[in-house]
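Please look over the structure shown below before reading on.

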Amino acid sequence: MTHSLVKRADPPLWQKLQVVGHLLQSVRGGKSTSLLLEQIDPVIRPGAQALLFQVLRHLGRADALRSLLASRAPPPAADALLCCALALAWQESQAMFDAHTLVNQVVEAAKRQPATKAQASFINACLRRFLRGRDALIQASDKYETARWNHPPWWIKRLKLDFPDHWQHVLESNNRQAPMTLRVNERKASRDDYLEGLLSVGIGARASGRHGIALSTATSVASVPGFLDGLVSVQDAAAQLAAPLLLDGLPGIAGLKVLDACAAPGGKTAHLLEMGCRDVTSIDIDASRLEKIQQTLTRLGLVARLRVGDAGSPGTWWDGQRFDAILLDAPCTASGIVRRHPDVRWLRREADVSQLAMIQANLLKALWPVLKPGGRLLYCTCSVFKAEGTDQIQTFLAHNTDAALMDSPGHLLPHFRANEEGVPDNSADDHDGFFLALLEKRVA
């Protein structure tokens, strides 16, 4: 048998836990899991990611329990491994493993690496004590708001101020797994035909929005029928609202000159093209991210004009011809996509909100002059914080009398179908948190 045909065995749990412990320690050091996971052996990556995301969704609880079990935190590597175990074990109804099996494997993981070997007995003692006094310890940890909601205190406080009637719904939604939602490339297939095809081969799915399909069970991108042939792309239902909102009602879509600012990874550029735009310029400051846009467009059979440049400095890339429509998906805290990126809540700092709001304001100011009178600019962020949404747009309108706010969704809060009450302004669909505001430039 050749080496290429040998199937590598699934790594033992202790080895996966070692990897997750290392990843958690890196997140605590300010590193994004998206980059970290790319560096993990593909054989262990899926299992490690599943464990890591579960840990990150319950890290506030784990930190509180660890503080109750040990008055002083152990060294960082041991603390990360211990908190991983507590996050995975505290909620019996959602536990991925039998508690005693998990404890044994965590201790084995500690013994097998130099950074934690000396603390293996300490970790074992803490976890055994937790299992003996689980109910009392969980009740004691409830006094910590961070434990109850698994978000930093500043994040919770801001949501309470921004959405006094819905902040609990947002936090609860953030701790759930997001669905895998597809956008059908209707230049190649209709949404209904593609959905029928999925159902005919036993793949659970349902229609989502205008061009979307939500899968009942997430799967690897490569295994999605037609993905490699450009029939579909992965894009959340809220993000799928952007291109139609910008284009609906505009005459002669094919002839419009459209700008997608801050365009990477390219989902909205592709959607604009799929809807019939032929003259789309996509700008991103990062050349490597622009390469990813090109890969996406090649897969879908689409063509756009790609430019490396700072959207906030049009003089470095703009040819002087004003655009009919601009889509500005501005850099933000990503506070609306915590379901998909559970590390975001632990990576962001409160000061980031005001710093990013300044960047957003500068982008709006810089791009408004390159829009034709009578043209539209769609401002959007994957944030739920009002400083990056409603407040940003109200300030812009106050300083630009030639700008008018058209009918716009505003803040869409993260939403899941299982919640029957939901949020009144939201659709009944399952989507991330998002903000969209459509502006029209008045003709003088």
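## Aromatic rings and their surroundings

Tryptophan 154 and tryptophan 155 are both buried, where buried means under 20% relative accessible area, exposed over 50% and partly exposed in between (1.4 Å probe, protein chains only). This is a predicted model, in which local features need pLDDT of at least 70 and side-chain atom pairs count only at pLDDT 80 or more, while totals for chains, interfaces and linings use all residues. Residues are numbered from 1 along each chain as its sequence is written, and side-chain values use heavy atoms, with hydrogens and water left out.

A search of the whole structure finds six aromatic pairs; rings of Phe, Tyr and Trp (its six-membered ring) pair if their centres lie within 6.5 Å, and planes under 30 degrees apart count as stacked, over 60 as edge-to-face and the rest as tilted. Two of these pairs are set out here.

| Pair | Centre to centre | Between the planes | Type |
|---|---|---|---|
| Tryptophan 149 and tryptophan 167 | 5.3 Å | 65° | edge-to-face |
| Tryptophan 154 and tryptophan 155 | 5.5 Å | 50° | tilted |

Because tryptophan 149 lies in helix H10 (residues 145-149) and tryptophan 167 in helix H12 (residues 167-174), their pair ties together parts that are 18 residues apart in sequence; helices (H or I, at least four residues) and strands (E, at least two) are DSSP runs, numbered from the N terminus. Tryptophan 149 and tryptophan 167 are both buried.

Trp154 and Trp155 form one aromatic cluster with Phe385, and arginine 158 lies over the face of phenylalanine 385, 5.7 Å from the ring centre. A charge sits over a ring if NZ of Lys or CZ of Arg is within 6 Å of the ring centre and within 35 degrees of the ring normal.
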